[in-house]
Amino acid sequence: MSDVRASGFGTDAGGSVEAIERMLARPRDEVVRECKRYVVGQDSVLEEVVGLTYSCLQRMEMRARGVDDLDLPRACAFMLSGSTASGKSFIMKVVAKVMGLELVSIDCSGITGAGWVGDSVSSELRRVAGVMGRGDGRPVLAFWDEADKLVRKTREGGRSFDSQGNFLKLLDGGSLELAPEAQGQHEVTLDAGRVLNVFAGAFMGIEDIVRKRLLSGGLAVAGDGSKVAPGLLTPDELRSRMNLQDLVSWGFMPEFVGRFGAVVCVPSLSCESLRRIVKGSERSLERRVSNLLGAGRDFRITDDAAEKIAHEAHASGLGARRIDQIANHFEAEATVRLHADPDVNRATLGVGDDGKLCLAFDFDDDVAGEVPVEVAASDDGEAEPAGADGLPEEASRFEPNERLISAVDGAVAGARWDEAAATPEGRELLARRLAHYRRWRVRDARSVTGAELLLEAVIGYLAVNRDPDMRQTLGNVCALLRFAGIHMRDGWTYLDTFFFGRVEVCGLRGLEERACSDPAYCSCDAVRALSCYRRYLELPQEVRAEAAKLAEARAEDAAGSEREAAWLRADINAVADAVDKEGFGGAPLIF
C-alpha cells in the first residue's frame with residue numbers, strides 16, 4: 001500500500017485557498033436555495049447549517065493564508081440532534097454536494113465499547129486522510145453519524161464515553177500522526193484543520209434532561225417572548241432548547257463537548273412536509289417515479305393517497321424512509337406494467353373503496369403527446385422542426401441521434417477532441433472556444449455564459465458516464481445539446497433527465513447518491529458537471545434557449561462547411577496543445 005499523506009497547507013496552500021475561495025464566492029442565500037430543492041420541511045435547519053459551514057470555511061481560508069491557529073476561533077465542529085428519520089444525514093449530504101465539499105460518512109456505532117470491536121477512530125481518520133490526499137485541495141466534511149452511540153450505558157445504569165480521547169486532537173485542528181494498524185500500512189499525517197467535523201445523533205430521551213434543566217430554572221421563554229411551562233413543551237420544542245450542557249448531562253465528557261461550536265436541533269418532519277415529499281415538491285416521489293419510467297409514461301398520486309402515505313410515514317416514526325418503503329411495491333408494479341403493455345401509459349396510485357392503496361392503469365392521450373418531435377430554436381426564438389442542417393427529421397428518442405453524431409464527428413475528423421477533453425481544464429477551455437463562436441451575434445450577453453456552462457456540463461457528463469457505449473466525441477455533445485430544447489412535462493427536458501435522473505437512467509444525481517457508498521461512481525468531474533448544469537438552469541428560459549442554440553451552432557455549421565470545419569479543428573487542436581504544454585490559465589487559452 002502506498003504511503004498516503006494529507007499533510008497541512010504547506011505544499012498545496014495555493015490550491016487549497018483557491019478551492020475554498022470558490023466555495024465562499026457563492027452567495028450563502030444561493031446555496032440555501034439550492035439545498036431547499038432537495039430538502040423539504042427543514043428550512044431553518046438548512047440556514048443554520050449552511051451558516052456554520054461558511055464560518056468553518058472562512059476559518060480554513062484564513063489558516064491557509066498563514067494566519068496562526070491561535071489567532072482564529074477553535075477548529076470546526078458542531079452537533080446535529082434530531083429524532084430518527086428527521087433527515088440529519090440527508091441534510092449534510094445535500095449541503096456537502098451543493099457546496100462542493102468532500103464527504104466522508106462514518107458510523108459511530110461500530111467504534112464503541114472497550115476493546116474496539118469494529119473500526120477504531122484512527123482507522124476512520126485514515127479514510128478521511130485518504131480522501132483528502134486524493135482531492136484537489138477542497139476541505140473534507142467528516143460526518144460522524146450515530147454519535148449518541150459513543151456513549152454507552154454501564155452496569156450501574158449510568159453512562160460512560162469510552163473514546164473521547166481519540167477525538168480531542170482531531171477537534172483541536174492540529175496535525176495528527178496516524179500509526180499503522182495493519183501489515184503493509186504506513187504512517188499517515190492528517191491535517192485536521194482542513195476537516196469540518198459534524199456529529200449527529202438521535203439522543204433518545206434527552207428531552208427529559210432538557211425538561212429537568214428548564215424546570216430547575218423556572219418558566220422557559222418561548223420564541224415570541226412569552227413564558228411557557230417546561231412541562232407543556234413538545235419533544236421537538238424541548239430539543240430546540242438543547243444546549244452543550246445537556247450533552248454533558250447525557251454522558252459526554254466536558255473536554256469533548258467544549259470543542260463544539262453549536263448544537264443544531266433537527267425537528268421531526270411534519271405530516272405536511274411528508275406530504276410534499278410524496279407529492280407537490282420539485283423532487284417529490286411522484287416526479288421521481290415518473291422520471292424513472294421515461295418519456296411517454298406517467299405516474300400520478302392522488303391527493304388522498306398522498307395524504308394516507310404521509311400520515312402512515314409520520315405515525316411510523318420513520319419519516320421519508322417509510323415513504324420509500326410504501327412506494328417500492330407500487331413503483332415496481334408500475335414500471336413492469338407500463339413497459340410491457342403498449343395499451344397503458346399512465347399509472348395512478350390512489351385509495352380504493354377498502355381504504356387501501358391501489359394502482360389503476362389507463363391510456364392518456366395528453367401523456368402520449370408529451371413525446372415531441374425533435375426541435376431546435378430558430379433565430380426568432382420560436383421552435384422549428386429539426387432538419388435545417390440537412391439531416392432527416394425523426395421523432396426524438398431517449399438516445400442521441402446517431403446521424404447527428406456521425407455528421408459532426410466526420411466534419412471534425414483529424415481534430416484531437418479526445419485529447420483536449422481528457423482533463424477538467426481541457427473541457428472548460430473547449431466550452432469557452434465553442435461558446436465564443438465568431439459568426440454568432442447574441443441578443444443577451446448572458447447566453448454566452450449559459451452556452452459555456454451547458455457545454456462544460458455535457459462534456460463533463462460524457463467524461464464521467466459509466467456507459468462504455470457512450471464515446472466522448474463532439475457529436476455526442478451536440479446530440480445531447482439537442483435535448484435541451486425538447487420539452488417533456490412541466491418544462492422538463494430530456495437533458496434534465498440525463499443530469500438529474502437516477503443511476504438507472506444515467507443521471508449524475510444518481511451517481512452522486514451512489515457515491516455515498518461507492519466513491520468509484522462519482523468524481524470531482526461529476527460534481528462539477530452537475531454544478532455547471534444547475535447554474536445554467538438558473539438563467540431565464542429565453543436566455544437558456546439562445547444558449548442552447550449557441551452551444552451547438554458551431555459544430556453543426558462545420559458539418560456543412562469545410563472552412564468552418566477547418567477553423568473548428570484548429571481550435572480543438574490548439575486547446576489540446578495548450579492543455580498539454582502550458583496547463584490551465586495560460587495566456588492563449590482565454591478569449
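## A sheet, a helix and a pocket

Just after helix α12, G294 takes a positive phi of about 95 degrees; helices (H or I, at least four residues) and strands (E, at least two) are DSSP runs, numbered from the N terminus. This is a predicted model, in which local features need pLDDT of at least 70 and side-chain atom pairs count only at pLDDT 80 or more, while totals for chains, interfaces and linings use all residues. Residues are numbered from 1 along each chain as its sequence is written, and side-chain values use heavy atoms, with hydrogens and water left out.

**Helix α12**

- Helix α12 (residues 285-293) is largely enclosed by the rest of the structure, because seven of its nine residues are buried (under 20% relative accessible area, 1.4 Å probe, protein chains only).
- Those buried residues are L285, E286, V289, S290, N291, L292 and L293.
- They pack against α11 (271-278), β12, α14 (320-340) and α21 (494-500).

**The three-stranded sheet**

- Strands β12, β13 and β14 form an open sheet in the order β12-β13-β14, with mixed pairing; two strands pair if DSSP finds at least two bridges between them.
- β12 (298-301) and β14 (357-362) are the edge strands, each with a single partner, so one side of each has no neighbour in the sheet.
- From one strand to the next, the twist averages 20 degrees, using axes that are lines fitted to C-alpha atoms and angles that run from 0 to 180 degrees between N-to-C directions.
- β12 pairs with β13 (residues 346-351) in the parallel sense over four bridges, and I301 stands opposite L349 in β13.

**R346 in β13**

- R346 lies in strand β13 and is buried, with a relative accessible area of 17%.
- R346 and R297 are 49 residues apart in sequence, yet their C-alpha atoms are 5.7 Å apart in space.
- Beyond its neighbours within four places in sequence, R346 is in contact with D298, R300, L338, A360, F361, D362 and D364 (heavy atoms within 4.5 Å).

**The second largest pocket**

- The second largest pocket has a volume of about 1,200 Å³, the space filled by probe spheres set on the grid points, which are joined across faces, edges and corners.
- A pocket is an open set of points on a 1 Å grid over the protein atoms alone, where a 1.4 Å probe fits, with protein on both sides within 12 Å along at least five of seven lines; lining residues have an atom within 4 Å of a point.
- Of its 37 lining residues, R22, R528, S531, C532 and R535 are the closest to the centre.
- Helix α23 gives the largest share of this lining, nine residues.

Terms used:
Buried < 20%, exposed > 50% of the residue type's maximum accessible area, 1.4 Å probe, protein only.
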